[in-house]
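Biologist: I should like to learn how to read a model of this kind, feature by feature. Could we go through one together?

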Amino acid sequence: MRIDVITIFPGYLAPLREALLGRAIAAGLVDLDVHDLRDWTHDVHQAVDDAPYGGGPGMVMRPQVWGEALDAVLARDARTPRIVVPTPAGRPFTQATAQEWAGAERLLFACGRYEGIDQRVVDDARGRGLPVDEVSIGDYVLVGGEAAVLVMVEAVVRLLPGVLGNPASAEQDSFSDGLLEGPAYTRPETWRGLAVPEVLRSGNHAAIARWRRDRALERTAQRRPDLLAALPERALDKADRAF
Ligand SMILES: Nc1ncccc1[N+](=O)[O-]
């Protein structure tokens, strides 16, 4: 998978080259290219924004700069990317979105700052038949899209074959079966007077599976009743009905 990021703060994306993601890049599973938007300005101040039409606070990022940057980055590779614009006004980014994008051969993240990017940049790209997703990682306002790109790239890349040591862990993620993951334990058996639940040391795999599902249902019912309500009827067996 090729990933391009266009931003005025390239340094903000440095963590993508660390740890698991860094190893995925080194293994050639991901090609990451971070581009400085200001490379496509032509004035001495390298202005990337301007006052909003209609007045109001803040600044809007200029269409000319973004248009040139997107055209140049698109041309760097024959593969058509899914263009992603992180914005608090976007549709929610979920595990399902990560799964969907993990199948893409190329992603291009356009990081907006200030009050966003002139809408015509998205409209022009869509008008040329390019897939553009305006997505949000949560209902709060960040200063720019870069932190959201770190989140989304990590969620997507960890799903790529060969990235996670144990692919089973991606299957057993929270959300993969629509439920939150329950509590986890490791050695020692007792720590500060707290013991690991007996069943987990019983070796009885059916009982362990039942216990884990009960804890997942319990936690989901307590913390995210919306997820429980969204589960398809068939997803809950009769033993689950207790929650
Ligand atoms: N929440 C956000 N705030 C600013 C920019 C992007 C955002 N997001 O969620 O993608």
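Predicted model: local features only at pLDDT ≥ 70, side-chain atom pairs only at ≥ 80, totals over all residues.

Biologist: Let us begin with the chain as a whole. How many helices and strands does the secondary structure of the protein chain come to?

Modeller: The protein chain has eight helices and nine strands. Its C-alpha trace spans about 70 × 40 × 40 Å along the principal axes.

Biologist: What share of the 243 residues is buried, and what share of the accessible surface belongs to carbon and sulfur atoms?

Modeller: A residue is called buried when its relative accessible area is under 20%. By that criterion, buried residues account for 41% of the 243 residues in the protein chain. The accessible surface comes to about 13800 Å², and carbon and sulfur atoms hold 53% of that surface. As for contacts between residues at least 6 apart in sequence, 73% join residues at least 24 apart.

Biologist: I turn to the ligand. Which residues surround the ligand?

Modeller: One begins by listing the shell. Here it consists of Pro86, Thr87, Pro88, Val135, Ser136, Ile137, Gly138, Tyr140, Val141, Leu142, Gly144 and Ala148. Sorted by class, the shell has eight nonpolar and four polar residues, and no charged residues.

Biologist: Which polar backbone atoms lie by the oxygen and nitrogen atoms of the ligand?

Modeller: A backbone N or O atom of Ile137 lies 2.8 Å from an oxygen atom of the ligand, and a polar backbone atom of Val135 is 3.5 Å from a ligand oxygen atom. On the nitrogen side, a backbone N or O atom of Leu142 is 2.9 Å from a nitrogen atom of the ligand. The protein covers 96% of the 270 Å² of accessible area that the ligand has on its own. Strand 5 (82-92) and strand 7 (132-136) are the elements that give two or more residues to the shell; strand 5 gives the most, with three residues.

Biologist: Now the helices. How many residues of helix 5 are buried?

Modeller: Burial along a helix shows how far the rest of the structure encloses the helix. Nine of the twelve residues of helix 5 are buried, so this helix is largely enclosed by the rest of the structure. The buried residues are Glu146, Ala148, Val149, Leu150, Met152, Val153, Ala155, Val156 and Val157. Their cover includes strand 1 (2-7), helix 1 (19-26), strand 5, helix 3 (95-102), strand 6 and strand 7.

Biologist: How far apart are the end C-alpha atoms of helix 7, and what span should its 19 residues have?

Modeller: At 1.5 Å a residue, the 19 residues of helix 7 (residues 205-223) should span 27 Å, and the end C-alpha atoms are 27 Å apart, which agrees. At the start of helix 7, a side-chain oxygen of Asn204 comes within 3.2 Å of the backbone nitrogen of Ala206. Within helix 7, Ile208, Trp211, Asp214, Arg215, Ala216, Leu217 and Thr220 are buried, and the buried residues of this helix pack against helix 8 (225-230).

Biologist: Finally, is Arg113 buried or exposed?

Modeller: Arg113 has a relative accessible area of 10% and is therefore buried. Arg113 sits in the loop between strand 6 (106-110) and helix 4 (119-127). The side chains of Arg113 and Glu146 are joined by a polar contact of 2.2 Å. Not counting residues up to four places away in sequence, Arg113 touches Ile8, Phe9, Met61, Val143, Gly144, Gly145 and Glu146.

Conventions
Residues numbered from 1 in each chain as written. Heavy atoms only, no water. Near = heavy atom within 4 Å. Polar contact = N/O pair within 3.5 Å; in protein donor to acceptor, adjacent residues only side chain to side chain. Areas by Shrake-Rupley, 256 points an atom, 1.4 Å probe, with all protein chains shown as cover. Helix = DSSP H or I, 4+ residues; strand = E, 2+ residues; numbered from the N terminus. Nonpolar A, V, L, I, M, F, W, Y, C, P; charged D, E, K, R; others polar. Expected span 1.5 Å × (residues − 1). Buried < 20%, exposed > 50% of the residue type's maximum accessible area, 1.4 Å probe, protein only. Contact = heavy atoms within 4.5 Å.
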